[in-house]
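Please open the model in your viewer and keep the selection panel at hand. The tour below moves from one selection to the next and says what is found at each stop.

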Amino acid sequence: MTPSVVARIPQIDSLLNLPPSQRIRKRLLDAGQRAHANDNIADFIEEGELDELQNEVQDRIQEVLQALVIDTQNDHNSRETARRVARMFVREVFRGRYESAPRVTAFPNVSQLNELMIVGPIRVRSACSHHLCPVMGEVWVGVLPNAESALIGLSKYARLCDWVMSRPQIQEEAIVMLADELERRIRPDGLAVVMEASHFCMHWRGVKDDGALMTNSVMRGAFLKDAALRREFLSLRQKPGRNPG
Ligand SMILES: [Zn+2]
């Protein structure tokens with residue numbers, strides 16, 4: 001290779017000629033931003049680029065199917081699988097990584113509500129970042145507002161939860177992320193989040209335990225300091241007929 005050819009390579013390899021995943025990764029690296037499975041990277045994706053990314057994922061899934069020795073040419077059930085899986089990952093089950101946060105209008109607390117508010121159960125659909133297996137469960141949120149808190153509509157809790165959960169992650173980090181989003185918007189005196197979920201990587205593979213549920217919680221502010229408030233939240237969130245504990 002002559003030196004003049006070498007010198008031209010950076011121009012040929014301009015950002016536009018890279019696959020979309022590498023362009024996005026380069027922007028993330030340049031900005032010093034993480035791209036863990038549960039990070040939202042919407043700010044680093046340009047208009048129209050998500051379609052390109054979905055096409056790239058489709059090509060890679062097709063390669064995985066080939067590596068699994070599945071004859072996608074002749075098996076009519078698998079012919080469109082790469083396209084379907086790419087769409088499912090990018091536009092559905094992991095869209096919380098690629099889409100900006102839902103718009104959440106906050107209202108001033110004009111009635112100066114300062115009583116415990118409980119929202120839930122909110123349906124959780126997520127996936128573990130270890131196996132990309134589904135994680136299905138429920139979330140309860142407890143809010144103790146103060147006069148300066150912002151209030152958000154009931155449906156917005158579900159939309160924010162869905163945005164945070166639609167990423168591959170581990171449950172312990174998922175509820176911390178959800179608590180951070182809620183705390184930043186509502187600025188309450190206390191915030192509690194409890195998540196109870198069933199992990200399909202324990203049912204479908206591994207120990208194949210069908211009964212196992214994982215429950216964890218985040219308690220902040222008043223919920224940390226006030227054991228009675230914590231108890232009130234935990235007892236009120238119990239559904240009728242459910243075994244406590
Ligand atoms: Zn797993």
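Begin with the two domains, whose bounds come from an automatic or database domain assignment: the C-alpha centres of domain 1 and domain 2 lie 31 Å apart. To colour them separately, select residues 3-98 of the protein chain for domain 1 and residues 106-236 for domain 2. Before going further, note that this is a predicted model, in which local features need pLDDT of at least 70 and side-chain atom pairs count only at pLDDT 80 or more, while totals for chains, interfaces and linings use all residues. Residues are numbered from 1 along each chain as its sequence is written.

Domain 1 gives 7 residues to the contact and domain 2 gives 12 residues.

Next, select helix α3 (residues 49-67) together with helix α4 (residues 81-93), which pack at an angle of about 130° with their axes 8 Å apart. Axes are lines fitted to C-alpha atoms, for helices over the stretch in contact, and angles run from 0 to 180 degrees between N-to-C directions. The helices α3 and α4 are therefore oblique to each other, given that angles under 35 degrees count as roughly parallel, over 145 as roughly antiparallel, 65 to 115 as roughly perpendicular and the rest as oblique. Show side chains along this contact, where α3 contributes residues including Leu50, Leu53, Val57 and Ile61, and α4 contributes residues including Ala82, Val85, Phe89 and Val90.

Now move to the loop between α3 and α4 and select Val69, which is placed there. Val69 has a positive phi of about 55°, although it is not a glycine.

Then go to strand β2 (residues 117-128), where Pro121 lies. Is the peptide bond from Gly120 to Pro121 cis or trans? The bond is cis, with omega near -5°.

Finish by colouring the model by pLDDT, the predictor's confidence in each residue, from 0 to 100. The mean pLDDT of the protein chain is 91, and 91% of its residues reach 70 or more. Select residues 1-8, over which pLDDT stays under 50 and for which the model has 1 contact beyond four places in sequence. Last, select residues 241-245, where the pLDDT is below 50 and the stretch has 1 contact in the model beyond near neighbours in sequence.

How values were computed: Contact = placed C-beta atoms within 7 Å. Helix = DSSP H or I, 4+ residues; strand = E, 2+ residues; numbered from the N terminus.
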